[in-house]
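The entries below follow the order in which I looked.

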Amino acid sequence: MSITLTDQDKLTLRTAGWGAVSLMSAAGAAGSAHKAATEASIALTSATGLVGHVLAKAPKGVKYGKTVAALADQVLPALTASMSLLQQQAPEEADNFRRTVIVAIEAAGQPQKGAPSPTMTEMARKITEALDAA
């Protein structure tokens, strides 16, 4: 099956995927936000298929919110919109996108010592809910 994504579709997918990384990084700011973002970014850029081609580069020119709440207001709806778009056009790519984002947030949530923080666990739950809302 061939799927063609518009530039806006690609921007939505990138905003969702890379925004999820930013949310996890912000939630882990008390620990190592840089390490969380690095681990999650590696997961995104390791994706395959159509999703991998789209997520291979971060979105350019996106102005993310300056607070976690403002960032979540942008990213969580973009996650749901991305899943809806892909489910309509290429269900197998919707599954690929969901798995890729889940791997990224799991990578970001890996603690250096002990269990993940409650904040990161809650952010991961919100991201997963947004993915499943479509």
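These entries concern a predicted model.

Entry on the buried side. I listed the buried residues of α6 as Met-120, Met-123, Ala-124, Ile-127, Ala-130 and Leu-131. They cover an arc of only 120° around the axis, so they sit on the same side of α6. I then looked up their partners, and the buried residues of α6 pack against α1 (7-27), α2 (33-45), α4 (68-89) and α5 (91-108).

Entry on charges within α6. I found Arg-125 in a salt bridge with Glu-122, with the closest N and O atoms 2.3 Å apart, and in another with Glu-129, where the closest N and O atoms are also 2.3 Å apart. Glu-122 lies three residues from Arg-125 and Glu-129 four residues from it, about one turn of the helix in each case. An α-helix has 3.6 residues a turn, so residues three or four places apart point the same way. I noted Glu-122, Arg-125 and Glu-129 as linked in a network of salt bridges; Arg-125 is partly exposed at 35% relative accessibility, as are Glu-122 at 32% and Glu-129 at 45%.

I found a salt bridge between the side chains of Asp-132 and Arg-98 at 2.7 Å, N to O, which joins helix α6 to helix α5 across 34 residues. Asp-132 is partly exposed at 44%, and Arg-98 is partly exposed at 27%.

Technical notes: Residues numbered from 1 in each chain as written. Predicted model: local features only at pLDDT ≥ 70, side-chain atom pairs only at ≥ 80, totals over all residues. Heavy atoms only, no water. Buried < 20%, exposed > 50% of the residue type's maximum accessible area, 1.4 Å probe, protein only. Helix = DSSP H or I, 4+ residues; strand = E, 2+ residues; numbered from the N terminus. Arc of directions from axis to C-beta. Contact = heavy atoms within 4.5 Å. Salt bridge = Lys/Arg side-chain N within 4 Å of Asp/Glu carboxyl O.
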